[in-house]
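Subject: Structure for your files, with notes

Hello,

Here is the structure you were waiting for. Please keep it together with the notes below it.

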Amino acid sequence: MSRIGGRELPEEVELALRKARILEWAVLAYTACTITVVALVMGNSQAMQTAWVEDILSTIPQIAFLIALFVIRRPPSAKHPYGYHRAMGVGHLVAGVALLAVGANLCFEAVSGLVKQEHPPIGTMQLFGVTIWQGWAMVAVMALIVIGPLIYGRMKMKLAKQLNNKLLYADADMAQADWTTNAGSIIGVLGIGMGIWWLDGAAALFISVGILWDGVKNTRASVLDLMDMRATTYDQSEPDPVHERVDALLRRRRWVHDAASRIRDQGQALHVDAYVVPKRRGAKVADVDRAISDIVALDWRVQDVSITVVAELDLPEQQEEERERRGGER
Amino acid sequence: MRATRRLRSAAVALAAAATIALAGCGITIPSDVDGTLDRATDGVLEVGITPNPPHVDTSGEQPTGTEIALVTSFAGSIGASVAWTEGSEQSLVQLLEIGELDLVVGGFTEQTPWSDRVAVTRAYAEAAQPDGSTSGLVMLAPMGENALLSALERHLDAETEGQS
């Protein structure tokens with residue numbers, strides 16, 4: 001249980017992973033409740049229907065995370081020598097594409113409703129023997145369930161940063177923005193109530209653009225990692241600091257003249273490709289072996305390390321530096 | 001990305017504030033988009049009817065039936081007189097869509113295929129259908145005339161109280 005791929009995990013990471021798993025299950029249960037309640041009151045408001053679909057969609061990244069977490073624990077095998085780490089990226093991509101497709105469809109429906117000038121009807125409902133306007137029930141439900149995502153969104157964000165998990169980060173990011181969906185649908189329903197029919201369609205459009213944008217962000221982020229972009233921080237804004245630590249660790253060795261590395265993020269695990277130029281005495285096998293185990297010890301995410309001993313560094317990084325240097329001289 | 005998020009949040013907050021402010025300015029909720037209920041109150045309620053005994057019977061000089069009685073009492077509750085227009089379902093729904101009619105009755109049920117073109121009331125009673133099943137009876141109102149729809153539903157609740 002306390003492994004990812006073949007590697008044992010530090011206690012605090014294992015704890016964070018267990019927390020993330022419990023949290024995702026709890027949020028799934030909570031979302032099942034909100035989906036049911038919203039379905040009971042949503043009626044003919046397009047904004048409410050869009051918000052309801054978003055609720056359903058929000059479960060996809062969570063389910064993807066839970067499945068991927070199960071899959072990446074498997075150790076590498078002869079058939080899968082790199083392990084199953086990419087499952088996290090694949091789950092992320094599936095979630096992103098689902099958001100993208102449904103978001104686009106909802107956008108189209110919102111726009112076509114506005115163009116056709118559909119006036120959404122909302123009548124009354126009987127609640128415990130009292131007849132009330134159904135719109136009030138919608139507003140009450142949406143105002144009530146706005147609180148949940150604000151709380152669990154923060155909890156997820158904390159875990160995502162700790163685990164450097166991009167799927168969990170995207171999920172948390174969506175949860176934290178969820179209140180705009182609730183506020184939007186409340187505005188839409190109140191708009192219908194005041195006889196401003198287009199406010200509902202406008203709110204639906206606003207919500208579906210949000211879904212579409214989430215889809216674009218998630219698809220982009222997952223594709224970048226699946227395309228072996230260099231390892232980055234959880235929000236892909238900066239290179240992961242592990243790059244510098246690996247390079248520094250190698251360059252400090254007495255037998256090393258110069259070193260550089262390529263690191264890719266396989267989802268929850270890192271794959272390090274290091275290149276080392278030895279000093280004139282050459283490199284001993286024992287030296288290289290020790291360097292590998294030291295890099296693995298550097299960070300719990302490092303799963304696979306290969307060190308190549310070369311006469312000259314020729315990574316894209318060095319090539320770019322070389323080009324800049326030549327450009328500067330001219 | 002942070003900037004767009006903040007902008008988005010600000011826009012939502014602003015819209016919410018504006019909506020609540022508007023809602024507080026003495027506008028009744030729900031309101032009609034085209035003000036049908038206001039116009040019919042103390043005026044004329046335009047009602048389309050299509051024969052479907054025992055709900056609507058047009059064989060006599062004046063229309064009769066259970067739904068005719070319900071509509072007449074609703075009109076009475078808002079001080080309106082009723083002007084009846086007889087026609088096929090299709091032509092009545094079209095008249096409802098362009099605002100020539102305020103209400104259409106004729107033994108429609110919850111399964112009515114017109115539901116994406118008109119507003120359908122909550123079922124006010126159950127009735128046996130030709131195929132042996134039972135279905136909830138509804139009336140048809142114009143889309144988006146939610147004050148009228150709500151007033152009608154409240155009236156139907158009151159009229160049918162204790163019967164079902």
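Predicted model: local features only at pLDDT ≥ 70, side-chain atom pairs only at ≥ 80, totals over all residues.

Contact between the chains

The contact draws on 26 residues from chain B and 23 residues from chain A. On the chain B side, two helices, α1 (2-24) and α5 (146-160), each supply at least two residues that touch chain A. Of the elements of chain B, α1(B) gives the most to this side, with nine residues. By class, the side of chain B that touches chain A has 12 nonpolar, seven polar and seven charged residues.

Chain A

Start with the strands. In chain A, β6 (residues 270-278) and β7 (residues 302-309) run parallel and are joined by seven bridges. One pair to look up is Tyr275(A), whose bridge partner in β7(A) is Thr308(A). Helix α11 (residues 285-298) of chain A belongs with these strands: β6(A), α11(A) and β7(A) make a right-handed β-α-β unit.

Next, helix α5 (residues 134-144) of chain A. Its buried residues are Gln134(A), Gly135(A), Ala137(A), Met138(A), Val139(A), Val141(A) and Met142(A). What do these buried residues of α5(A) pack against? Their partners in chain A are the helices α1 (11-41), α2 (46-57) and α8 (178-193), together with the strands β3 (124-127) and β4 (130-133).

A helix pair in chain A is also listed here. Helix α4 (residues 87-115) and helix α7 (residues 166-176) of chain A pack with their axes 9 Å apart, at an angle of about 30°. Angles under 35 degrees count as roughly parallel, and α4(A) and α7(A) are therefore roughly parallel to each other. From α4(A), the contact is made by Met88(A), Gly91(A) and His92(A), and from α7(A) by Lys166(A), Leu167(A) and Ala170(A). Sorted by class, the residues in this contact of α4(A) with α7(A) are three nonpolar, two polar and one charged.

One backbone detail in chain A: Gln117(A) has a positive phi, near 55°, and is not a glycine. Gln117(A) is in the loop between α4 and β3 of chain A. Is Gln117(A) buried or exposed? A residue is exposed if 12 or fewer other C-beta atoms lie within 10 Å of its own; Gln117(A) has 12 C-beta neighbours inside 10 Å and so counts as exposed.

Chain B

Chain B has five helices and six strands. Along the sequence they come in the pattern α-α-β-α-β-α-β-β-β-β-α. Of its 164 residues, 37% count as buried. Taking the contacts in chain B between residues at least 6 apart in sequence, 66% join residues at least 24 apart.

The peptide bond that joins Pro53(B) and Pro54(B) is cis, with omega about 5°. Pro54(B) is in the loop between β1 (44-49) and α3 (66-77) of chain B. The other place is Asp42(B), not a glycine, which has a positive phi of about 60°. Asp42(B) lies in the loop between α2 (36-40) and β1 of chain B. With 10 other C-beta atoms within 10 Å, Asp42(B) is exposed.

Regards

Conventions:
Residues numbered from 1 in each chain as written. Chains lettered and ligands numbered in written order. Contact = placed C-beta atoms within 7 Å. Helix = DSSP H or I, 4+ residues; strand = E, 2+ residues; numbered from the N terminus. Nonpolar A, V, L, I, M, F, W, Y, C, P; charged D, E, K, R; others polar. Pairing = 2+ DSSP bridges. Right-handed = clockwise from strand over helix to strand, strands pointing away. Buried ≥ 20, exposed ≤ 12 C-beta atoms within 10 Å, placed from the backbone. Axes fitted to C-alpha atoms, helices over the stretch in contact; angles between N-to-C directions. Parallel < 35°, antiparallel > 145°, perpendicular 65-115°, else oblique.
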